Amino acid sequence: TNRPRVWADRLISELTYGNLRYEIPLEAKPLVGLRKRSSMTERAVYGLLAMADQELMGRLFPPLQAALSWQVPIRGWAVPRVWLFEEDGDLHVDIAPWDIRNTFWAIDGKGLAEVVYVRYGSKKEIDDLYGVSTKEDPQGRVEIHDYWNREVEKVSIPGLDQPIVDTQKH
C-alpha cells in the first residue's frame, strides 16, 4: 500500500506551505514596555528568517521552512546551524539545515562541545569557492568537513594538510 508515502507527502506539504507564526506569550497585564519589546523581538525573528531564506535560495537551496519540513518528518531530526555575524557594519544571518545523518557531535560537562558536519560538493564548486585544488571521489564529489566548537570554526577537506578556511574565532 502507498498509505505511508501519501501521509508523508501530505505532512511535508502542510509543513512547507503552512503559515509561520511566532508569538511571545504575555501575561494578561504585562509590565510597561514589555508588549512593545516582545513585538519587536517577534519582528526580528521574521526578518532573520527572511534573510536566511534569501541566503539559502541564493545558493540554490530550498527555503529553511521547506528544508526542515522534509528533514524532520522523514529523518526524524534536523540540525539547524544558526550563525549571526556582523560584516562591514551589516548584520548577516546564515542558517543551514544540516542533515542529521551527516552530523556528528560531542558533549561534555558544559553541554555541546563540538560539531562536525560532513557534506559534499563538486570539484569545480569547491575549487572556485575556496581557491584550492582538490581530488574528487569516484562519484565526482569532494568531501568537506565543517567543524565548530565553542571557540573556533574551520572548514577542511580530508587529504589536505591544512584547513581550507582558516580557523576563525567566534
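Which side chain does Arg 119 meet in a salt bridge? I looked it up: Arg 119 pairs with Asp 146, N to O at 2.8 Å. A salt bridge here is a side-chain nitrogen of Lys or Arg within 4 Å of a carboxyl oxygen of Asp or Glu.

**Ground rules.** I'm working on a predicted model, where local features need pLDDT of at least 70, side-chain atom pairs count only at pLDDT 80 or more, and totals for chains, interfaces and linings use all residues. Residues are numbered from 1 along each chain as its sequence is written, and side-chain values use heavy atoms, with hydrogens and water left out.

**Salt bridges.** I found seven of them in the structure. Back to Arg 119 and Asp 146, which meet in a salt bridge: Arg 119 is in strand S4 (residues 111-122) and Asp 146 in strand S5, so the pair ties together parts 27 residues apart in sequence. Strands (E, at least two residues) and helices (H or I, at least four) are DSSP runs, numbered from the N terminus. Asp 146 counts as buried, at 8% relative accessibility. Buried means under 20% relative accessible area, exposed over 50%, and partly exposed in between (1.4 Å probe, protein chains only).

Next I checked Asp 108, whose side chain meets that of Arg 150 in another salt bridge (2.7 Å, N to O). Asp 108 sits in strand S3 (residues 103-108) and Arg 150 in the loop between S5 and strand S6 (152-156), so this pair links parts 42 residues apart in sequence. Asp 108 is partly exposed at 36%, and Arg 150 is partly exposed at 39%.

Then I looked at Lys 124 and Asp 128, a salt bridge with its closest N and O atoms 2.8 Å apart. They are four residues apart in helix H4, which puts about one helical turn between them.

**Thr 134.** I went to the loop between helix H4 (123-130) and strand S5 (141-149), where Thr 134 sits. Buried or exposed? Thr 134 is buried, at 5% relative accessible area. Its side chain makes a polar contact with the side chain of Asp 127 (2.8 Å); that term means a pair of N or O atoms within 3.5 Å, where within protein one must be able to donate a hydrogen and the other to accept it, and residues adjacent in sequence count only if both atoms are side-chain atoms.

**Helix H1.** I picked out the buried residues of H1, Ala 8, Ile 12 and Thr 16. Seen down the axis, they fall within an arc of 65° (directions from the helix axis to the C-beta atoms), so they line one face of the helix.
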